[in-house]
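I'm opening my notebook on a new structure today. The plan is to look things up one by one and jot down what turns up.

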Amino acid sequence: MSAKVITVTSGKGGVGKTTATANLAVALAQMNEKVVAIDADIGLRNLDVVMGLENRIVYDLVDVVEGRCKLRQAMIRDKRFPELFLIPAAQTRDKTAVSPKDMVKLCDDLRAEYDWVLIDSPAGIERGFRNAIAPADMILVMTNPEVSAVRDADRIIGLIEADEKGPGLLVINRVKPAMVKRGDMLSQEDIVDVLAIDLIGIVPEDENVLIASNQGRAAVLDERSKAGRAFVNIALRLKGEDIPFDELDDRDGFFDRILKFGRAGGDS
Amino acid sequence: MSFFERVGLGKPQSADHAKERLKLVLIHDRAGLSPGKLEALKDDLIKVIEKHIDINTREVEITLTSDRDQQRLVADIPLLSPKARR
């Protein structure tokens with residue numbers, strides 16, 4: 001076995017890197033893959049709460065790097081999937097506590113035993129970003145359909161190309177199909193045209209993402225979540241499957257309508 | 001969406017505006033040259049060229065164009081017409 005190391009990054013904060021990392025990790029674990037998710041956002045850790053593992057942290061990434069514990073001891077096993085692990089970031093240190101070399105070594109130690117290592121990069125283009133991309137075999141560049149987020153994504157694409165880690169694959173998150181349709185939101189075609197990199201996922205805006213993360217679970221576990229399905233599609237594409245980009249098809253399927261009807265009738 | 005908007009006769013859509021702004025800002029970002037610096041470059045360029053040939057300084061245009069592979073500085077420098085030179 002030789003794990004693929006995938007880094008999720010964006011430049012701009014708040015576009016959904018942590019949510020995407022958690023959802024992709026769970027989606028892959030659901031497909032019986034062995035997965036380690038690493039929170040590289042030292043000082044501002046959050047992947048633990050999004051995955052619902054915040055109460056189990058004993059050791060963290062910096063403890064491993066500084067030799068206070070074995071790698072294995074800092075790996076928190078997921079509640080649902082026994083082959084999914086989280087390595088949390090340290091909360092009381094800063095990005096300089098880890099170097100790009102440390103990250104490369106850590107990932108090399110994981111490669112033999114796992115299928116996927118997913119790294120949640122911090123926002124920005126400084127040390128934390130450098131740490132996160134250093135071990136990557138593939139980089140997912142996240143953006144939202146906003147001028148500011150796309151601009152930052154372009155900057156990131158330039159930096160990863162300069163680092164010979166490029167070109168990266170694009171994920172457009174929080175798309176509102178109705179706004180795109182009426183011409184008030186950048187479309188996937190607009191964004192791909194401007195950034196000139198390949199798309200690997202389009203994730204629609206979906207309340208279920210927040211509802212799921214409120215409970216420390218991933219939206220991919222909710223079969224009715226459109227965003228969850230979009231993350232499953234990204235996971236399948238990462239595995240090399242050819243999945244059509246129909247995530248924004250806002251017409252509900254037959255079963256969705258029945259479910260909705262059932263819920264509306266039952267709940268109110 | 002109305003028929004007129006569909007064929008582009010309605011009010012301009014904000015996504016189109018966003019895309020145009022984005023394209024412009026990325027051209028400058030990718031070249032590492034802000035609009036202000038480009039203006040300064042233009043002024044310097046005019047000074048140098050004027051030493052050698054009479055140009056219509058008010059209509060000089062320096063623009064950056066860019067795609068992922070190639071960035072280009074394009075200068076359009078009209079000469080003073082023979083009439084104006086006399």
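How close do the axes of helix α6 and helix α8 of chain A come, and at what angle do they cross? I looked it up: helix α6 (residues 147–162) and helix α8 (residues 188–195) of chain A have axes that come within 10 Å and cross at roughly 35 degrees. Axes here are lines fitted to C-alpha atoms, for helices over the stretch in contact, and angles run from 0 to 180 degrees between N-to-C directions. Helices (H or I, at least four residues) and strands (E, at least two) are DSSP runs, numbered from the N terminus.

Housekeeping before I go on. This is a predicted model, in which local features need pLDDT of at least 70 and side-chain atom pairs count only at pLDDT 80 or more, while totals for chains, interfaces and linings use all residues. Residues are numbered from 1 along each chain as its sequence is written, and chains are lettered from A and ligands numbered from 1 in the order in which they are written.

Back to the helix pair. On the α6(A) side I found A:V150, A:A153, A:D154 and A:I157, which meet A:I191, A:V194 and A:L195 in α8(A). Residues are in contact if their C-beta atoms, placed from the backbone, lie within 7 Å. By class, this α6(A)–α8(A) contact has 6 nonpolar residues, no polar ones and 1 charged. Ala, Val, Leu, Ile, Met, Phe, Trp, Tyr, Cys and Pro count as nonpolar, Asp, Glu, Lys and Arg as charged, and the others, Gly among them, as polar.

Next pair: I checked α1(A) against helix α10 (residues 226–238) of chain A, and their axes come within 9 Å and cross at roughly 65 degrees. So α1(A) is roughly perpendicular to α10(A) (that label covers 65 to 115 degrees). A:A20, A:N23, A:L24, A:A27 and A:L28 in α1(A) meet A:G228, A:F231, A:V232, A:I234 and A:A235 in α10(A). I sorted that contact into 8 nonpolar, 2 polar and no charged residues.

Which residues touch the most other members of the largest nonpolar core? A:F231 is one of them, along with A:A25, A:V35, A:L61, A:V117 and A:L118, in a core of 89 residues. A nonpolar core is a set of buried Ala, Val, Leu, Ile, Met, Phe, Trp, Tyr and Cys residues joined through C-beta atoms within 7 Å. Buried means 20 or more other C-beta atoms within 10 Å, exposed means 12 or fewer, and partly exposed is in between, with C-beta atoms placed from the backbone. Helix α1 (residues 17–30) of chain A gives the most to this core, with 8 residues.

I also looked at backbone angles. A:R174, in strand β7 (residues 169–175) of chain A, is not a glycine, but its phi is positive, near 60 degrees. A:R174 is buried, with 21 other C-beta atoms within 10 Å.

Last, chain B: I noted 4 helices and 2 strands, in the order α-α-α-β-β-α from the N terminus. Buried residues make up 5% of its 86 residues.

Notes. Two residues are in contact if their C-beta atoms, placed from the backbone, lie within 7 Å. Angles under 35 degrees count as roughly parallel, over 145 as roughly antiparallel, 65 to 115 as roughly perpendicular and the rest as oblique.
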